[in-house]
Structure formats: C-alpha cells, structure tokens
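Me: I am new to this structure and would like to go through it slowly, by question and answer. Please show it to me, and then begin with a single residue and what surrounds it.

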Amino acid sequence: MAMRQDWDAAAVRELHDELVSLYGPAQREGEHGSDAADPGDGVRQLVTTILSQNVADENTRRAAEELFSTYEDFAAIEAAPHEELAEVIRVAGLPDQKAARIQRALAAVREETGGAYSLAFLDAMPADEAKAWLTDVKGIGPKTASVVLNFHFGKPTMAVDTHVERVSKRFGLVPESASNARVHDLLDELVPDGLKYPLHVLLIRHGREHCSARSPDCANPVCMRYCDCEGCGE
C-alpha cells in the first residue's frame, strides 16, 4: 500500500508528470476562450453538459444530435412544450429533470443578456464569479459549471466527475468524507491553474483504465506510489 502523500502544488505537478509518463499528455480539442466568434458555442456547451449529467458519452451524443436537429435555435428549445422536449432528449436519461434544467438555463442566459443566447459575459468575470453565476441556476452544479468554464473559456476551474473524485480520494488529494462540491473547492485550491484541464483528463483516464470503482487494476507505477484502495493493499 502506498505511503500517504503530503499534497502541495509541487506534489501535484509530480503526479501529473507520472500520469503523463503512463498515458501521454492530455490534449485539448479545438480552441478555447471567449465565444465572441460564435456567441452560441458556450450555450451549446452548457446545454450539452446538462445532457451529459449521469449518463454515458454515447447517449449524450445521441441526445445532443436529436435536440439540435429538432429545434432551429435556442429560443425554440426554451419555448418548446416541456413534455415534447423531454421526449426529444429521453435517450440522455432523466428527461423531465434535464428538460427543465435546460429551459431554466436558457431563460437565465436570455434574461442576463437582454435577449441573446450567449455566455460571452462570463468571459469577463473572474472564475469564481462566473462559477457562482452558473451554479445560481437551479440544476447547474459545480461539475457542469466547471466543465463549461474550463473547456469553453479556458478558466482555471477543476471539473470533478465520478472518476476524478474517486481517484482523488484514493490518492489522498482530498478527504474521503468530502462532498462532491467540497472536492471541487479543494482541488480548485490545490491544483495549479495550468494543470486543471490536463489533470482532469488524466485522472478520468486513470479511473477508467486502472483505478476503477470495482476490481481496480493496481499493477501500475502511479497506483503503486499514490493509491491506498483495497486493490493496492492486496
């Protein structure tokens, strides 16, 4: 079983480097930053991220394709009858809840901008203020907000899904008892800004390929050094 690690920025950088040695560097897809060139891109990211809550990537893709092919624009999605919208996105799971969350989010964006479906106003805000604005919308939690802010705007926020949370707790980056919201706060404080996106990607990969919830495969140098799960103790 691994020795407990005293975590600081330098130790996090070392963990990142060891994950890179195991998997290669994390690569961003496309350009990230303000959505000034296409004002709808950030809103599309937000809607797609809501669809992705608690569902597999393939179902998210199918639901997004159906949603954006059914409705002409964001105004049509916001104005759609709730039952109709829920049926369109049913493959994403929790259709009633997600339809309501999407329509609330679109209404909040429209009201904030005076009629436009654009998240460009978030780009001018500090990351914590932008995150607070998003999470004030019912149904948008810290993970959804962090995905939008980091993936689309390149802001220094750490998105924490089930894999990131599990691996972070097993490695001792955060307390085992921490809630998901608390894990977001702790990792935002601990992880250097330039590593928030790549470490997110690498921890997800490690959680999928080695440090799984059940029957983890601990025969790798990263787990041997950092992990104290049951598999590593065998």
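Me: With which residues is Thr144 in contact, leaving aside its neighbours within four places in sequence?

Reply: This is a predicted model, in which local features need pLDDT of at least 70, side-chain atom pairs count only at pLDDT 80 or more, and totals for chains, interfaces and linings use all residues. Residues are numbered from 1 along each chain as its sequence is written, and side-chain values use heavy atoms, with hydrogens and water left out. Thr144 lies in helix α9, residues 142–152, where helices are DSSP runs of H or I with at least four residues, numbered from the N terminus. Taking contact as heavy atoms within 4.5 Å, and leaving aside neighbours within four places in sequence, Thr144 touches Leu46, Thr49, Ile50 and Gln53.

Me: Is Thr144 buried or exposed?

Reply: A residue is called buried under 20% relative accessible area, exposed over 50%, and partly exposed in between, using a 1.4 Å probe and protein chains only. The relative accessible area of Thr144 is 3%, so Thr144 is buried.

Me: Where is Asn54 placed, and is Asn54 buried or exposed?

Reply: Asn54 sits in the loop between α2 (41–51) and α3 (57–70), and has a positive phi of about 60 degrees although it is not a glycine. Most residues other than glycine have a negative phi. With a relative accessible area of 71%, Asn54 is exposed.

Me: Which residues of α3 are buried, and what covers them?

Reply: The buried residues of α3 are Thr60, Ala63, Ala64, Leu67 and Phe68. They lie on the same side of α3, because they cover an arc of only 120 degrees around the axis, the arc being that of the directions from the helix axis to the C-beta atoms. What covers these buried residues includes α2, α4 (74–79) and α5.

Me: How many helices and strands are there in the protein, and what is its radius of gyration?

Reply: The protein has 13 helices and 0 strands. For 234 residues the globule rule gives 17 Å, and the value for the protein is close to this, so the protein is as compact as a globular protein of that length. The rule is 2.2 Å times the number of residues to the power 0.38, and the radius, taken over C-alpha atoms, is 19 Å.

Me: What is the mean pLDDT of the protein?

Reply: The pLDDT is the predictor's confidence in each residue, from 0 to 100. Over residues 30–37 it is below 50, while 93% of the residues of the protein reach 70 or more, and the mean is 91.

Conventions: Helix = DSSP H or I, 4+ residues; strand = E, 2+ residues; numbered from the N terminus.
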